[in-house]
Amino acid sequence: MKQNSILTCLMVFYLLALTACSKKLDIESSAASPRMAMWQTYDDAKAGLVGIYGLTRAALAENNAHWMYGELRKGDFTASTKGGYLDAIIGNNLNKSYPEIIQLTNWRRFYAAIDGCNTFIENAQKCKADLRYSELNCKVDIAQAHLLRAFNYFYISRIWGDVPLIVNATKDGNTLQVARTPQKQVLNFCISEIRNYMDSLPTEFGGNDKSKLGFNGNYYGESWNVWGNAFWGYYQCVALLAEIYAWMGDYQNAYNYSYKFAVELGKTRTKFIETSEVTSLLAGTRSVFYSNGIPNNGSYCYQVLAFPYRMANRESGPSGVGHLESLTLANPYVARNRPDLYITRDTISQMFYSVNDARNPYQFEFKNYGTVYFTNYYNAIPVFSKFRNMEYTNSPFTIFGSCIPIARFEGIYLIRAEAQYVLGNYNDAWAVLNEIRKRRGLNPWLVSGSKPEDMRQLLVDIFLERRRELVGEGNRWYDQVRFNKIMRTDPAFNELIDRGGIYWPVAQEVMDKNPLIEQNPYWK
């Protein structure tokens, strides 16, 4: 009953904030008054905090946005229906007038989440009037709001480049028109926010905090085995900093934070997925992407940065929205003949060239074709079944249970290899790469030569490993951008980078409501 009330509060908060941002980036909030009136009790703080996580998840889930932005553009997936919006996104034809693409060009839902964070930061202190809401609890919660705000700004700056930087909540229905802030300034703000507040966060919630805070015991009535990393703490800050610095091309700091995460791994409650665990943890109905990311109620949460759906509460995106499997599954998992998205056999064979690879459709150990990442490999359309987390019901609708994945340890570890390569530490880079390769059954990568031109294949293989390991997790497009910024060997991609074509167009609705916003030049 308690959890249901939290979810109800979340939805109310979501609807209020979405209404508030319906005229953004003007920024106008007809719902400001009721939101201001809620900040009185411990339960208000709890509902507000859950609300901003819910708003962020909703922004990523709508139209399966996380995968539309991060996975499909010029990526490995093919649309089974030609000429639709999925096909247009894959082809980088983002100025097509499909309703889904028009909605995806609108940043309104992200600013709803940002406004929710701003509102929480400005008002959570009031809830200390309720003595149940301690000073430390309030400090930790406000730090999470700063972290989530930084995440949202990092996320949208990768999508649109320069974006308006707004750090105050909407009030009293006032309209504020804000111009776009240069991307570097936005990202520096994100870094400052995270670094300023990371020490105000525990290493885990509802468990044995290893920080100086001593924030131990249940968190909002639940243990770590329930929450996992649904709430973001100190090591989520470390992981996010590694991601931001890599995107900015600041590879010394990208290395520093990816290295820090690895050397302090024992405090993070996560770990590598070992070779023997690939078939059970990287795929299957109870994989690391299921619910809270703690398989079998174990000791590790494999979702370092993610937005989970609590399957104990039957949480699921409406009609499968917010779950990649709603686009990629077909028979024998759900009752349809072909998925909306699939990866062709030619592409699969290029990605998984070694039969020793534990993720390869051909399972060498068993001398047959398995179902790790793919099912029905030799059908006309193979089914991408890495994500097949679901609950079966008596209704015709499947309840999907996978999270929206942002980062896990293998990806953070490979950022370390990428950084070492750019810094010229080639031996260290291939040693890090080999830590992942050996856990997937691949032979070690061997060094040949010591000059930058000799090492280009090393960078290629680092990103090929990211392509294999993280397929379907929303990283492919961003990885291509980073790779091509380093290599500069693809003229067509160089033009996208140089002309701003790596960013999405801005919705006409946004520009109509705020004349200070101009279209990204590439899409004019």
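Me: Which backbone nitrogen does the side chain of Gln519 reach?
Reply: In this predicted model, Gln519 lies in the segment after helix H21, which spans 508–513. Apart from residues up to four places away in sequence, Gln519 touches Arg180, Pro505, Val506, Met511 and Lys524. One of these partners is Val506, and at 2.7 Å the side chain of Gln519 reaches the backbone nitrogen of Val506.

Me: Is Gln519 buried or exposed?
Reply: A residue is called buried when its relative accessible area is under 20%. Gln519 has a relative accessibility of 16%, and therefore it counts as buried.

Me: With which side chains does the side chain of Arg439 make polar contacts?
Reply: Arg439 is found in the loop between helix H17 (426–438) and helix H18 (456–469). Leaving aside neighbours within four places in sequence, Arg439 is in contact with Phe272, Ile273, Glu274, Thr275 and Val278. Among these, Glu274 is joined to Arg439 by a polar contact of 3.1 Å between side chains. Another polar contact, of 2.8 Å, links the side chain of Arg439 to that of Glu435, so the names asked for are Glu274 and Glu435.

Me: Is Arg439 buried or exposed?
Reply: The limit for a buried residue is under 20% relative accessible area. Because Arg439 has 13% relative accessibility, Arg439 counts as buried.

Me: How far apart in space are Ala150 and Ile194, C-alpha to C-alpha?
Reply: Ala150 is found in helix H8. Beyond its neighbours within four places in sequence, Ala150 is in contact with Cys190, Glu193 and Ile194. Ala150 and Ile194 are 44 residues apart in sequence, while their C-alpha separation in space is 6.9 Å.

Me: What is the relative accessibility of Ala150?
Reply: Buried residues have under 20% relative accessible area. Ala150 counts as buried because its relative accessibility is 0%.

Me: Which helix supplies the largest share of the lining of the second largest cavity?
Reply: The second largest cavity has a volume of about 80 Å³. Helix H8 (135–160) and helix H11 (234–248) each supply at least two residues of its lining. Four residues, the largest share, come from H8.

Me: How many residues in the lining of the second largest cavity are charged?
Reply: The lining consists of His66, Phe151, Phe154, Tyr155, Arg158, Leu240, Glu243, Leu305, Ile406, Gly474 and Asn475. These residues divide into six nonpolar and three polar, and the charged ones number two.

Me: How many cavities of 30 Å³ or more are there?
Reply: The second largest cavity has a volume of about 80 Å³. Counted with a threshold of 30 Å³ or more, the cavities come to five.

Me: How many residues of helix H4 are buried?
Reply: Helix H4 covers residues 65–72 and is mostly covered. Ala65, His66, Trp67, Met68, Tyr69, Gly70, Glu71 and Leu72 are buried. His66 also belongs to the lining of the second largest cavity. Of the eight residues in H4, the number buried is eight.

Me: Which residue with a positive phi follows H4?
Reply: Helix H4 spans residues 65–72. After this helix comes a residue whose phi is positive, near 50°, and that residue is Lys74.

Me: Where is Arg269, and what is its phi?
Reply: Arg269 has its place in the loop between helix H12 (251–263) and helix H13 (278–281). Arg269 is a residue other than glycine, and its phi is positive, near 60°.

Me: Is Asn296 buried or exposed?
Reply: Asn296 lies in the loop between H13 and strand E2 (305–307). Its phi is positive, near 55°, in a residue other than glycine. A residue is exposed when its relative accessible area is over 50%. Asn296 has 73%, and therefore it is exposed.

Me: What percentage of the residues in the protein is buried?
Reply: The protein contains 21 helices and 10 strands. Its accessible surface comes to about 19,800 Å², of which 50% belongs to carbon and sulfur atoms. Among the 524 residues, the buried share is 62%.

Methods:
Residues numbered from 1 in each chain as written. Predicted model: local features only at pLDDT ≥ 70, side-chain atom pairs only at ≥ 80, totals over all residues. Heavy atoms only, no water. 1 Å grid on protein atoms, 1.4 Å probe; cavity = no way out; pocket = protein on both sides within 12 Å on 5 of 7 lines; lining within 4 Å. Points joined across faces, edges and corners; volume = space filled by probe spheres on them. Nonpolar A, V, L, I, M, F, W, Y, C, P; charged D, E, K, R; others polar. Buried < 20%, exposed > 50% of the residue type's maximum accessible area, 1.4 Å probe, protein only. Areas by Shrake-Rupley, 256 points an atom, 1.4 Å probe, with all protein chains shown as cover. Polar contact = N/O pair within 3.5 Å; in protein donor to acceptor, adjacent residues only side chain to side chain. Contact = heavy atoms within 4.5 Å.
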